[in-house]
Amino acid sequence: MCMERFSVAHIAAIAANAGCGLTEERVDEDGIDLHLSRQGQHAFTSTPTIAIQLKSTTSWTESPTSIGYELRKRNYDLLRGGDYLVPRILAVLLMPRELDDWILYHPEMIALHHRVYWMSLVNAPESPNEYSVTVAIPKSQLLDTQGLVDLMNRVAPDGLRL
Amino acid sequence: MTDLVFALSGGGPTGEEFAGYLARQGWTVIGEIPGRTSRWEPPAIAGHPGYSVLVPLDQRASDYPQLLASALQSVASVLGFSPDDAVRRILLERADVVSFEVQMESAPDGTIPLTDGRRLIMAGYDTLEAAALAQGIRRPYWRGRRPQRTVEFMERIRLGLPRLGSYVVPVVVPLSIAGTLERSIAGSGAPLALEGEDPYERSVTRTLATAVLAAKAAADESTAGDLRPFQDAVAAGVSANLCAALGSTRDVPSLEGMEVEVSWAQRSDVVAPGASVSISIPRPILSRFAEAAIYLGPKETDREELISGKIEHLDHAEGDQEGTIGIRASVDGISRMVWVELPLDDYHRAVRAHDENLDVVCRGTLVAYGPRRMLESLSVFVVQPTLSA
């Protein structure tokens, strides 16, 4: 629960900095935790909205180009395929194991550890796995302030331009 | 949220209806993907700067139910009422509401005796039925089997939640959408309404408003010894049934009066006939209604009669198993219109007789309803053949 609230706070800070509105879904029954929207005309649409399935983890694998994360099969299927009015992404917050390391305090600032990466699974293949699927999240898809603005500019009437 | 999603999938408001509701509440579209989604912000006066809500429009989309439920919850929270109340407000926009309010003393807890509540609810039921019956040929009194369309209408209307204070019973009348079968609030189908016409249900509520106003005017014009204004008001939909329904509420002890209000559905495809109608009926008028119910009601002559003549009127509503004809016949030496209800086969024969200008012969019980004559319990219906020259 603490990790979940911390991850929401992390996204909320980024969203606020990027000028996005945030709506938190009270019950995750469709695999979606948050909706972010950003007012104004963007590359493909006006006032785009994205739906986020937000995860946080203290254990992940890493390659030079991607982050490996083990996603529950149910969540994987809720993010892939289907005709969704609001494009869906998976966002994973990589976190320190120790609670004391989540936030770094400095006289002039605080720092939230570590970083959030995102990916779209809309074209992901069906998995034969029963319980979980390991996804490879591109390291190039960092969800920081600029990353979020860029993401909003990928939202189009027919989905996310990848 | 799960219950709301479930409720929305079973006949609750659509995204389009929700968007229409927001528009009528003064909200503004700030972004949309035509046919897919629209984003709305509240009017500045509502005091929620920066807030907006995404409304899904495409019901085929996988995330449509969840997005709609989320939007309803969000707007309800911002406006300060429950999600269920938000759903109710939107659904009522697709329905006319006829409210029956009695002015009387209720207990401090807002309750009234069950016997009085029953009278009130039955008065509401009978009033709606009287208005539905008046959709065909206007009569001073209706008895016997109801037309199929009336039966179906009565099965579709809903009892709303009574409101506290002066006891109010609201009857919700969902309107069919022109050209389509609509999922009503009850989740059942509704008959088609022709393009460009009021839905049948709107015709009934209009008639109800007109008839109650006409009945009240007739009561104002009439005296205890002269109730003829009520007969004149039959053309406006007044009947013994309507008068008896409303007049029955005078039996509620401590009743001071009654108010009948008709609120029109706020739909863009069905034009509301102006502002809502509110008719106040004080107790003395309700008593006059009860007298008029007797005046307009049946006066059994108990007379077996054989009549013959030409058919001058034909009336049959599509789907009904009976039709009504008016025969110009001599009764007691006076030329009168005698009305006869026929089963469908005989009605079709009557139509041919009318078209070919042939006489018909009927035997039955002649009943006088005020000045109107009906031949009931028919035992004979014969079309006279053409006499060859």
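**Reading the model**

Analyst: Chain B has eleven helices and 13 strands. Helices (H or I, at least four residues) and strands (E, at least two) are DSSP runs, numbered from the N terminus. This is a predicted model: local features need pLDDT of at least 70, side-chain atom pairs count only at pLDDT 80 or more, and totals for chains, interfaces and linings use all residues. Residues are numbered from 1 along each chain as its sequence is written, chains are lettered from A and ligands numbered from 1 in the order in which they are written, and side-chain values use heavy atoms, with hydrogens and water left out.

User: Why is T47(A) called buried?

Analyst: Buried means under 20% relative accessible area, exposed over 50%, and partly exposed in between (1.4 Å probe, protein chains only). T47(A) has 7% relative accessibility, so T47(A) counts as buried. T47(A) sits in the loop between β2 and β3 of chain A. Its phi is near 45°, a positive value in a residue other than glycine.

User: What makes S377(B) exposed?

Analyst: The relative accessible area of S377(B) is 59%, so S377(B) is exposed. S377(B) belongs to strand β13 (residues 372-383) of chain B. S377(B) is not a glycine either, yet its phi is positive, about 50°. Across chain B, 49% of the 389 residues count as buried.

User: How do you know that D116(B) and R119(B) form a salt bridge?

Analyst: A salt bridge is a side-chain nitrogen of Lys or Arg within 4 Å of a carboxyl oxygen of Asp or Glu. The closest N and O atoms of D116(B) and R119(B) are 3.2 Å apart, and the pair forms a salt bridge. Both residues belong to helix α5 (residues 114-133) of chain B; they are three residues apart, so about one helical turn separates them. D116(B) is buried at 5% relative accessibility. R119(B) is partly exposed at 29%.

User: What makes E322(B) and R145(B) a salt bridge?

Analyst: Their side chains meet at 3.7 Å, N to O. E322(B) lies in strand β10 (residues 322-331) of chain B and R145(B) in the loop between α5 and α6 (148-156) of chain B, so the pair ties together parts 177 residues apart in sequence. E322(B) is partly exposed at 30% relative accessibility, whereas R145(B) is exposed at 60%. Salt bridges that share partners also join D83(A), R36(B), D58(B) and R60(B) into one network. By this rule, 22 salt bridges are counted over all chains.

User: Which strands form the open sheet in chain A, and in what order?

Analyst: Five strands form the sheet, in the order β1-β2-β3-β6-β9, with mixed pairing. β1 (20-24) and β9 (115-119) of chain A stand at the edges with a single partner strand each, so one side of each has no neighbour in the sheet. The twist averages 30° from one strand to the next. Axes are lines fitted to C-alpha atoms, for helices over the stretch in contact, and angles run from 0 to 180 degrees between N-to-C directions.

User: How do you know that β2 and β3 of chain A pair?

Analyst: Two strands pair if DSSP finds at least two bridges between them. Strands β2 (residues 34-38) and β3 (residues 49-57) of chain A have four bridges, in the antiparallel sense. L36(A) stands opposite I50(A) in β3(A).
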